[in-house]
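Please read the numbered points below alongside the sequence and the model. They begin with one residue and then widen to the whole chain.

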Amino acid sequence: MHRFIIGITAAIIFLTSCIEDDFSTSPSHQPDYSTDTLRIGDVFTAQGTPTRNFIVYNRNSKGIVISSIKFRDQATSGYFRVNVDGVPGKEFNNVEIRAKDSIYVLVEATIPENGFDAPRVIDAPLDFTVNGVTSTVVINISGRDVNRINGETLTTDTRFTSARPYLITDSLVVGPGATLTLEPGTMLYFHDKASLKVRGTLIADGTSEAPVNFTGDRTGNVVGGIPYELMSGQWDGVRFYETSRGNKLSYLSMRNSTSGITLDSIPSDNAELTLTNCRLRNTKSTVISSRHSSVEAFGCEFAEAPAGVIYLHGGNHRFVNCTFSNYYLFAAITGPLIHFDGEEITAEVDNSILYGLGSMIKPDKIEGMPVTFRNSLLKPAGSDDDNFIDCIWDADPMFYTVREDYIFDYRLRDTSPAIGAANPAFIPSAATDFYGTPRGNTPDLGAYVYVPAINQ
């Protein structure tokens, strides 16, 4: 029995010695970091950021002790929340990393309002001291003040400028008789389920150099290389009500909403929504849903919507030099690019491109309907008739889009059959595309003018 106890004791001592680390005190034994600069990104002031992280590696054959982890600049240290190896705090001491092991450092921030229109860039050094040697990971963040809107109704004519972004956390309502004008470069960010409701008039005066932008307020990546920019359903959308009149949107980029643009029962023979060189994409339902209302669009991109891109029920519609495409990523595509519905509907689609996944047009047969496609490129095989005039059938427009690489670029490659195939009679004089490129005398089909050798 005595020998057995001695043997057990020796085994315990041996096992304990195996799992105990021999910690180095040599200045040459230092950690490595997964990055030297942790970029939190562009954020709004007075609002918490997503969590970012980096890894601290001990690649040495002995353990190391980080005697101190703290921000060098105490004036900005209060902006950040740090978690080291599962422990939150402001300053950390005697953090052990065993040989060939690592720890995670997680960082969040809330940047206070700075009182200026321009973003405030902060580079905050986070110092790690090991065996008397200090190394640094810089925490980089850019904080910008915003105009916050929560459940506001505009009852008089109002102008939004590009000086500061607008963050809409609930809804923004343009009341009957009021006009909201968005100057070039205006940015509207929408929080989850927030919306823009137009009972009056909406004017977006974007330009090719300074488009107007509607997007969700979440920045950065969902996971890996997939940005929130690609994720639909980040906010609700824009709705035009029956009292709305004379809406004109130019150079508007609208993306990642739930319901896109909705028009409902706007009684007028004229188009009560006119879109020029707009990019409307990536919604959770349809990009445009119009019931008993009229839409006119020139030079626009309509793309990425699982329920179908455009739904038109009644109304009078015209689309010229538009690109309709659907490569939606995150759900099955159940609807067509364009759905014509209702008895009281007329539509003209000229110099346009219809291409992508899913069906192109519903109903499949539009004989007898006052719907015409002229000088347009369509994915299906077919032939001209009273509804399809001088069209290009069963052709690939050769977009730069590569769905599996998350590239959704509907400009034309060098070999596109859409180059030079448009009818100039449908195009206004001195017209340009979203990028400001002139349409020229031998114009191309679709929203974008062909430019040789686009760098990807």
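1. Asp-385 counts as partly exposed because its relative accessibility is 36%, where partly exposed lies between buried, under 20% relative accessible area, and exposed, over 50% (1.4 Å probe, protein chains only). Asp-385 sits in the loop between strand 38 (377-378) and strand 39 (388-389), strands being DSSP runs of E of at least two residues, and helices runs of H or I of at least four, numbered from the N terminus.

2. The model is a predicted one, in which local features need pLDDT of at least 70 and side-chain atom pairs count only at pLDDT 80 or more, while totals for chains, interfaces and linings use all residues. Residues are numbered from 1 along each chain as its sequence is written, and side-chain values use heavy atoms, with hydrogens and water left out.

3. Glu-367, Asp-384, Asp-385, Asp-386 and Asp-390 form a negative surface patch, a patch being made of residues with over 30% relative accessible area and no salt bridge, with like charges joined within 9 Å and nonpolar side chains (Val, Leu, Ile, Met, Phe, Trp, Tyr) within 5 Å. A salt bridge is a side-chain nitrogen of Lys or Arg within 4 Å of a carboxyl oxygen of Asp or Glu.

4. Arg-279, which lies in strand 28 (residues 279-281), is buried because its relative accessible area is 18%. The C-alpha atoms of Arg-279 and Ala-447 are separated by 9.1 Å, although these residues are 168 residues apart along the chain.

5. The protein chain has 2 helices and 40 strands, and 48% of its 456 residues count as buried. Its C-alpha trace spans about 105 × 50 × 45 Å along the principal axes.

Note on methods: Accessible areas come from the Shrake-Rupley method with a 1.4 Å probe; for residues, only the protein chains shown count as cover. Lys and Arg count as positive and Asp and Glu as negative; His and the chain ends are not counted. The place of a charge is taken as NZ of Lys, CZ of Arg, CG of Asp or CD of Glu.
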